[in-house]
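This report describes a predicted model. It turns to the ligand site and then to the chain as a whole.

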Amino acid sequence: MFKVHPVPAHRLPELLRAMPKAELHIHIEGSLEPEMIFALARRNGVALPYASVEALRAAYAFTDLQSFLDIYYAGASVLLKEQDFFDMAWAYFEKAAADNVVRAELFFDPQTHTARGVPMAVVINGLHRACVDAGSQLGISADLILCFLRHLSEEDAFATLEQALPFRDRFIGVGLDSSEVGHPPEKFARVFARCAELGLHLVAHAGEEGPPAYIWSALDVLKVERIDHGVQSAKDPALMARLAKERTPLTVCPLSNQKLCVFPDLKDHNLRTLLDAGLCATLNSDDPAYFGGYLNENFLQTFAALHLSTQHAWTLAHNSIEASFAPAVDKQRWTHQLNQTFERFVEHDY
Ligand code: ADE
Ligand code: ZN
């Protein structure tokens with residue numbers, strides 16, 4: 001482990017902003033800002049059930065995951081053309097570059113779009129083109145992860161996989177998202193087994209609102225490599241011990257958890273507990289347009305609320321690089337850049 005010298009408290013925000021980091025839990029449809037929703041609705045002639053940007057934003061008062069998902073799927077209904085998907089992802093990448101994100105693994109929800117008659121090619125090609133341009137124009141390494149909607153059937157997931165296979169080289173893995181409680185991971189055992197045979201990376205949302213049992217079955221039945229959220233693992237000491245021992249990454253999203261009332265307040269979040277127990281926890285934005293902040297905002301607010309240290313900052317950035325699905329040479333380069341950033345901050349203090 002890199003020897004981290006503490007920086008003075010007043011310089012920690014600057015260090016959090018400057019350090020290179022990977023974002024591993026971002027639903028690209030959750031980066032659609034209200035202004036872009038209205039602009040795309042106009043461009044595509046889609047009617048919205050909200051009179052204005054302000055009225056839409058005023059509806060962002062969530063009580064749980066489902067109350068958010070209802071609005072999130074309504075927002076995504078303005079996406080029709082390849083250029084819409086490109087524009088949405090590009091707007092995210094510009095913000096990610098400003099946050100010193102060097103690697104982004106983007107979730108997308110194809111069923112939300114194909115169910116409205118948007119072809120899979122339109123979705124994947126628009127997002128893929130933005131990923132390519134993020135690499136060449138912003139220096140961000142980016143890949144796509146296709147998520148199955150767990151409130152739909154496994155049969156539907158299989159049909160979605162079939163439609164996506166002509167674009168197999170344009171996504172690196174599959175995930176599982178949407179309404180968690182009542183839709184346990186084992187519902188998708190066969191489709192995940194097929195994805196493993198195809199050489200796809202496997203991740204799943206588990207233990208966001210759902211019980212630790214869902215995390216166990218994501219690991220043992222779906223055989224995922226990372227758990228998205230996973231904050232409910234703190235309720236199960238045997239699970240915590242396993243996650244620490246195997247260093248299974250958790251992609252934790254504090255502002256999301258606060259806005260969806262998983263924790264009553266950011267001060268009550270268990271990220272410090274997860275880190276101090278030796279888990280490979282990472283910090284992410286989930287749906288930044290809906291939850292009040294992109295990646296650096298998540299870092300700044302969480303560090304302030306939990307009084308996290310310079311060591312926690314390095315560990316979170318390092319965990320994000322370690323947990324990413326990027327090639328080993330890239331991970332080595334980013335780790336070197338991370339350590340140089342920390343050295344620069346210490347040198348300036350003396
Ligand atoms: N889809 C978008 N954001 C999500 C979240 N936080 N949980 C489950 N599904 C989602
Ligand atoms: Zn999520």
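## The ligand site

In this predicted model, the largest cavity is the space that ligand 1 takes up. The shell around ligand 1 is made up of His27, Leu65, Phe68, Leu69, Tyr72, Asp177, Ser178, His205, Glu208, His229, Asp286 and Asp287, and by residue class this shell divides into four nonpolar, four polar and four charged residues. Helix H4, which spans residues 65-76, supplies the largest share of the shell, namely four residues.

## Polar contacts and burial

Nitrogen atoms of ligand 1 take part in contacts with both side-chain and backbone atoms of the protein. On the side-chain side, an N or O atom of Glu208 lies 2.7 Å from a nitrogen atom of the ligand, and a polar side-chain atom of Asp286 is likewise placed 2.7 Å from a nitrogen atom of ligand 1. From the backbone, a polar atom of Ser178 lies 2.8 Å from a nitrogen atom of ligand 1. Ligand 1 would expose 260 Å² if taken alone, and the protein buries 100% of that area.

## The chain as a whole

The chain contains 17 helices and eight strands. Its radius of gyration is 19 Å, close to the 20 Å that the globule rule gives for 350 residues, so the chain is as compact as a globular protein of that length. Taken along the principal axes, the box filled by the C-alpha atoms of the chain is roughly 60 × 40 × 40 Å.

How values were computed. Residues numbered from 1 in each chain as written. Chains lettered and ligands numbered in written order. Predicted model: local features only at pLDDT ≥ 70, side-chain atom pairs only at ≥ 80, totals over all residues. Heavy atoms only, no water. Near = heavy atom within 4 Å. Polar contact = N/O pair within 3.5 Å; in protein donor to acceptor, adjacent residues only side chain to side chain. Areas by Shrake-Rupley, 256 points an atom, 1.4 Å probe, with all protein chains shown as cover. 1 Å grid on protein atoms, 1.4 Å probe; cavity = no way out; pocket = protein on both sides within 12 Å on 5 of 7 lines; lining within 4 Å. Sits in = over half its atoms within 2 Å of the grid points. Helix = DSSP H or I, 4+ residues; strand = E, 2+ residues; numbered from the N terminus. Nonpolar A, V, L, I, M, F, W, Y, C, P; charged D, E, K, R; others polar. Rg over C-alpha atoms; globule rule 2.2 N^0.38 Å.
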